[in-house]
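Welcome, and thanks for joining this short tour. Keep your viewer open and select each stop as we reach it.

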Amino acid sequence: MKKIFLFDLGNVLAKSLDDYGLYNKLNCKIPYDEFLKYWWGDELVLKAHMGLATDDEHVEALLKFCKSDLSIKQFYEIYNSLDNSLYDDTIEIINVLKNKGYKVGLLSNLRLMDYKRYKQQIEKINFDYIFLSYEMKCIKPSKDIYVQVIDKLKCESHEIIFFDDNEKNVNGAKLVGINAYQATGKNIKEVFEKIINM
């Protein structure tokens, strides 16, 4: 039986975004918890993750919501200056899998601006597959994104092994038969060794 290994980007392959650092640098005039709620859950932000709104549109709305006096260009300069480093343990696991002949891919909820920020890092890994929500017009944990992945991989759902830090995304993948596991870049080695018999 063939196995295809897929990894989430944020907090699994890449280190978590410094939300508080971004909040401070944007000169927000609203409480931090309000910023977080908007940043992770506003409808326009979610549409940008699905490629249904442009980054400029949702960034402009974000700055207005935060009562920030920064321009869209200044936002991008700040955003692109944030840490985009990857977890060594996740990279090590990916390299081991590729050396053993397994296919490895990325499956992540990303806006175009997120992909641009990580593009050089992602390209170094030489993934066999890259599935990005803004290109697929849907986001995890929706059933549609997982069905698209299965169709494009031309495999059975149980042949996919997927690592994501978000429990909802893991459960959504399991609903379509994908072997999904909750893990972060900090504990992925431990999780991997417990469940995978190479």
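Select glycine 177 to begin: just after helix 10, this glycine takes a positive phi of about 95°. Helices here are DSSP runs of H or I with at least four residues, strands are runs of E with at least two, and both are numbered from the N terminus. This is a predicted model, where local features need pLDDT of at least 70, side-chain atom pairs count only at pLDDT 80 or more, and totals for chains, interfaces and linings use all residues. Residues are numbered from 1 along each chain as its sequence is written, and side-chain values use heavy atoms, leaving out hydrogens and water.

Next, colour helix 10 itself, residues 167–175. Asn169, Val170, Gly172 and Ala173 are buried there (under 20% relative accessible area with a 1.4 Å probe, protein chains only; exposed is over 50%, partly exposed in between).

Now show strand 4 (residues 160–164) and helix 11 (residues 188–195). Phenylalanine 163 in strand 4 and phenylalanine 192 in helix 11 are 29 residues apart, yet they form a tilted aromatic pair, 6.0 Å centre to centre with 40° between the planes. Rings of Phe, Tyr and Trp (its six-membered ring) pair if their centres lie within 6.5 Å; planes under 30 degrees apart are stacked, over 60 edge-to-face, the rest tilted. Phenylalanine 163 is buried at 0% relative accessible area, and phenylalanine 192 is buried at 10%.
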